[in-house]
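Please read it with the model open.

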Amino acid sequence: MLYLTREEMQAVCPMGDAFTALEEAFTLYVKGEADVPLRVGIDVPAHNGQALFMPARAGDALGIKIVSTYPDNPKAGLPVTPATMLVIDSATGIVSAMMDGTYLTSLRTAAGAGVATRLLAPEGATVGALIGLGGQGPCQFDALVEAVPTLKEIRVYDMDAARREAFAKERDGKHGIAVIPVDSGDEAVRGAQVVTTVTTARAPVFSYEAVTAPCHINAIGSYTPEMQELPPELVANCDLLALDTADGVLNESGDILKPLKAGLLEGKKIDTEIGTLLLERHKRGAGDITVYKSTGSGVMDTVSATFIVEKALEKGLGTQIG
Ligand SMILES: NC(=O)c1ccc[n+]([C@@H]2O[C@H](COP(=O)([O-])OP(=O)(O)OC[C@H]3O[C@@H](n4cnc5c(N)ncnc54)[C@H](O)[C@@H]3O)[C@@H](O)[C@H]2O)c1
């Protein structure tokens with residue numbers, strides 16, 4: 001079995017390559033060549049924990065991500081949500097690789113948004129915005145830069161002021177892009193042509209009035225019915241709503257479920273998946289406001305992990321164990 005560290009994963013799979021893996025994941029999914037059972041959760045009351053198992057197959061890629069939530073872990077200096085990805089050889093059923101599931105999640109989530117951005121962002125976009133600078137923030141930033149090579153400025157906002165200052169300081173000027181910390185979601189979004197939100201918010205992180213057409217917005221954070229990042233008017237009035245998977249988003253995300261419950265989405269097409277748009281080589285309208293909503297899927301993990309293993313074997317990276 002091949003064991004890959006986060007550093008080895010970074011070395012073999014830069015963001016642009018991860019886009020290739022995610023395009024494959026999304027298109028295999030909509031072509032019906034994937035099998036993604038519901039994730040299984042097991043509570044561990046004795047240790048105030050829960051283990052989540054996310055299996056998937058897509059084409060020849062087979063694997064399972066194990067993500068646990070143990071709120072007491074920090075007392076022992078351990079992460080709250082440790083994650084590990086296992087890749088399984090689909091020809092033999094034997095586990096063939098193990099890798100850092102936390103980094104894989106950040107990479108595949110950002111690459112998913114990147115693929116959507118590359119397809120849907122206004123041509124020649126120069127101003128971007130990133131709202132939410134926690135664990136997922138750095139990879140989401142890299143995905144914006146990779147997807148939109150014309151960006152000159154990225155405004156960054158997090159409710160934690162120290163975090164936005166530190167993030168901007170670390171990245172300002174790299175890639176020839178000015179990274180500007182701002183004081184509100186509206187300030188970040190106003191005049192931006194590409195926006196990513198990746199927060200744990202339960203209410204919109206910017207107002208509908210702040211959005212100016214043309215604009216493409218990636219909403220990544222909300223994965224429960226209570227969580228919400230997008231103003232409901234945006235979801236109701238955008239020209240195109242694209243989902244990573246309809247199954248996940250329409251069952252889980254408050255970004256869609258809240259406006260749906262309020263009756264704001266009547267007559268609107270809300271189940272378009274990004275894989276279908278990729279297969280159709282969708283062309284955006286010049287003045288469109290588009291939204292990509294993601295809650296994540298085991299297909300994204302399994303296809304990108306399998307891709308990383310192939311690259312690592314080609315380059316001779318990783319440690320063979322067992
Ligand atoms: N779609 C997917 O596949 C996917 C994958 C991974 C994580 N996520 C979700 O993305 C979200 C962010 O993940 P993370 O690991 O970065 O979390 P995190 O806790 O490390 O960071 C969240 C950040 O959001 C900021 N924030 C919270 N509310 C805000 C608000 N109203 N305005 C501005 N900033 C605000 C916090 O200050 C924090 O810096 C989580 O909800 C997570 O579950 C989604």
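The side chains of Glu 23 and Arg 118 meet in a salt bridge, with N and O 3.0 Å apart. A salt bridge here is a side-chain nitrogen of Lys or Arg within 4 Å of a carboxyl oxygen of Asp or Glu. The model is predicted: local features need pLDDT of at least 70, side-chain atom pairs count only at pLDDT 80 or more, and totals for chains, interfaces and linings use all residues. Residues are numbered from 1 along each chain as its sequence is written, and side-chain values use heavy atoms, leaving out hydrogens and water.

**Domain contact**

Domain 1 covers 2-104 + 299-320, and domain 2 covers 106-296. These bounds come from an automatic or database domain assignment. Taken over C-alpha atoms, the centres of the two domains are 24 Å apart. Domain 1 brings 22 residues to the contact and domain 2 brings 27. Contact means heavy atoms within 4.5 Å.

The area buried between the domains is about 2100 Å², and carbon and sulfur atoms give 72% of it. Buried area is the accessible area (1.4 Å probe) that two parts lose on being put together, summed over both. Which three residues supply more than any other three of the area that domain 1 buries against domain 2? They are Met 15, Phe 19 and Phe 26, with 32%.

Between the domains there are 3 salt bridges. The count of residue pairs in polar contact, both at pLDDT 80 or more, is 8. A polar contact is a pair of N or O atoms within 3.5 Å; within protein, one must be able to donate a hydrogen and the other to accept it, and residues adjacent in sequence count only if both atoms are side-chain atoms.

On the side of domain 1 that touches domain 2, the elements giving two or more residues are helix 2 (15-30), helix 3 (101-120) and helix 11 (298-315). Helix 2 gives the most, with 10 residues. Helices (H or I, at least four residues) and strands (E, at least two) are DSSP runs, numbered from the N terminus.

**Salt bridges**

The structure holds 13 salt bridges.

Salt bridges that share partners join Lys 65, Arg 108 and Asp 301 into one network. Arg 108 lies in helix 3 and Asp 301 in helix 11, so the pair ties together parts 193 residues apart in sequence. Arg 108 is buried at 5% relative accessibility, and Asp 301 is buried at 0%. Buried means under 20% relative accessible area, exposed over 50%, and partly exposed in between (1.4 Å probe, protein chains only).

Asp 142 is partly exposed, at 28%. Arg 171 is buried, at 13%. In the remaining tabulated pair, Arg 163 is partly exposed at 42%, and Asp 160 is partly exposed at 31%.

**Helix 9**

Helix 9 (residues 254-261) has Gly 254, Asp 255, Ile 256 and Pro 259 as its buried residues. Their cover includes helix 7 (232-237), helix 8 (246-252) and strand 14 (289-293). Ser 253 caps the N-terminal end, with a side-chain oxygen 3.1 Å from the backbone nitrogen of Asp 255. Gly 263 follows helix 9 and has a positive phi, near 75°.
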